[in-house]
Amino acid sequence: MDPIGPKSMFTRSRSCNSTTSSINSNNNGGSHRSKLSRTFHKVINFRNSDNKHGMVACVFPSQHKFECYNPNPDPKFKHKAILEALLAKIFASVTSIKAAYAELQMAQNPYNNDAIQAADEAIVEQLRALSELKRKFLKKELDLSPQVTLMLAEIQEQQSLMRTYEITIKKLESDVETKDSMIVSFHKQFKDCVEINKSLEKKLNASGPLYVFDNLKLSRLNVSHFIEVLHKALRSVRSFVKLMVKEMELANWDLNEAAKAIESKALFIKESHRCFAFESFVCKTMLQSFNLFDYGVNKELNPKKPDPEQCFIEFKRLKSVNPRSILALNPNSLLGKFMRAKYFDLVHAKMECSFFGNLNQRKIVTSGGFPDSGFFTAFAEMAKRFWMLHRLGLSMVEPVSVFEVKRNCRFSEVYMENVSEESLFSGEINDGNVDIRVVFTVVPGFKIGKTVIQSQVYLSPVITPPVSR
């Protein structure tokens with residue numbers, strides 16, 4: 001007998017056509033339904049279909065297609081339907097095994113003994129079912145109802161897929177929780193690092209007890225002691241400049257214009273090098289009149305040189321004193337006058353108003369008080385260190401003086417130190433002579449007798465065209 005063709009499979013009856021059209025409409029409009037709900041809908045349509053008067057039964061395999069089976073089918077057609085049902089059942093069992101295996105993996109971490117046993121039993125059960133199907137198939141004892149088997153296999157497959165999706169969701173949720181805990185841990189580590197950095201910065205910037213000077217006698221004072229105090233003063237300058245730049249940014253200042261106002265002819269290799277202009281302004285202001293015995297406080301034309309021993313005693317006393325207590329106890333002392341004068345020179349009234357919205361700090365400083373702000377605290381600490389540096393300089397046997405390198409001077413390693421990290425070399429570029437010149441002085445240098453403490457300068461290469469012959 002010839003195989004059943006499409007024409008013999010379909011009967012032109014109104015019932016079959018209406019059923020087919022109903023199913024097609026369900027398939028087209030079922031985009032908003034899950035595959036499981038569509039499967040139940042197919043079963044209901046199948047059971048509700050009228051199978052009288054030569055009507056045919058419509059069966060829907062898992063591929064979302066349908067075939068119409070005659071109640072009295074050809075044996076070949078029936079055998080084909082049974083094989084299709086068998087394959088559907090095998091695929092459903094494989095899908096169930098995959099879902100159970102996924103549950104088994106999920107139960108490993110964290111370890112869940114009950115879930116592991118349940119997943120193991122599910123795998124064994126499906127393997128037994130497959131083994132039984134194999135046995136019946138080989139012995140030709142398959143007794144399957146194609147229609148019911150296809151529907152049940154579809155339902156089993158969808159349920160297994162749902163279990164797999166649920167496991168995947170749990171796995172993703174577990175991963176999200178792990179990532180969240182890692183983020184929290186990293187945030188804590190970051191905060192700890194910030195606190196450690198602040199603590200280290202505070203230790204570096206603090207005037208500190210300077211234990212080396214506790215038992216030091218005046219006769220043993222040398223240049224290395226001066227350099228140590230100078231380095232602490234420069235650290236306080238960088239700390240204050242960092243705070244000042246932060247206030248500028250909060251006040252919406254144009255940092256390029258601010259740097260240009262200090263060094264109009266400077267061309268910075270990097271944007272971060274603008275801070276050198278601010279450091280230059282602060283250092284030059286704080287070291288102004290450093291060569292005078294009274295540091296320019298009393299405005300005397302010929303101030304007398306103070307006693308070196310008294311200056312050294314004052315230095316040792318100030319190294320562990322808080323600037324706030326100095327102004328509170330004696331606001332009209334030389335150090336108090338020095339702080340007020342340098343604050344007015346360094347912080348213009350317009351700058352202070354721009355930073356804080358008023359001139360309250362200026363009024364408090366004028367009256368001899370100590371403004372309760374981090375900005376003035378940083379300034380007062382810096383001013384105290386420069387005053388200590390001046391007192392230490394007056395305590396030394398050899399005179400101490402400050403020198404500044406002029407713009408466009410050639411770089412000399414004896415008197416200068418390059419403040420930027422970039423290396424600059426003299427040489428020839430395109431047959432042109434390259435010379436390293438000073439753009440501006442960041443930190444003035446010192447001379448102690450015949451000893452030179454290098455000035456820190458910002459450099460720039462100058463290219464001169466070759467001379468034509």
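Helices, as I use the word today, are DSSP runs of at least four residues, numbered from the N terminus. With that settled, I turn to the structure before you, which is a predicted model.

I begin with a pair of helices. Helix H10 covers residues 308–318, and helix H15 covers residues 374–395. Their axes come within 8 Å and cross at roughly 150 degrees. Angles over 145 degrees count as roughly antiparallel, and H10 and H15 are therefore roughly antiparallel to each other. The crossing of these two helices is left-handed.

Which residues make the contact? On the H10 side they are Pro308, Cys311, Phe312, Glu314, Phe315 and Leu318. From H15 come Lys384, Trp387, Met388, Arg391, Leu392, Leu394 and Ser395.

I move now to the backbone. Most residues other than glycine have a negative phi. Two residues here call for comment on that account.

The loop that runs between helix H9, residues 274–286, and H10 holds Tyr295. Although Tyr295 is not a glycine, its phi is positive, at about 60 degrees. Is Tyr295 buried or exposed? Its relative accessibility is 2%, so Tyr295 counts as buried.

The other residue is Asn408, placed in the loop between strand E3, residues 400–403, and strand E4, residues 416–418. Asn408, likewise not a glycine, has a positive phi near 70 degrees. At 45% relative accessibility, Asn408 counts as partly exposed, whereas Tyr295 is buried.

Key. Residues numbered from 1 in each chain as written. Predicted model: local features only at pLDDT ≥ 70, side-chain atom pairs only at ≥ 80, totals over all residues. Heavy atoms only, no water. Axes fitted to C-alpha atoms, helices over the stretch in contact; angles between N-to-C directions. Parallel < 35°, antiparallel > 145°, perpendicular 65-115°, else oblique. Left-handed = near helix turned anticlockwise from the far one by under 90°. Contact = heavy atoms within 4.5 Å. Buried < 20%, exposed > 50% of the residue type's maximum accessible area, 1.4 Å probe, protein only.
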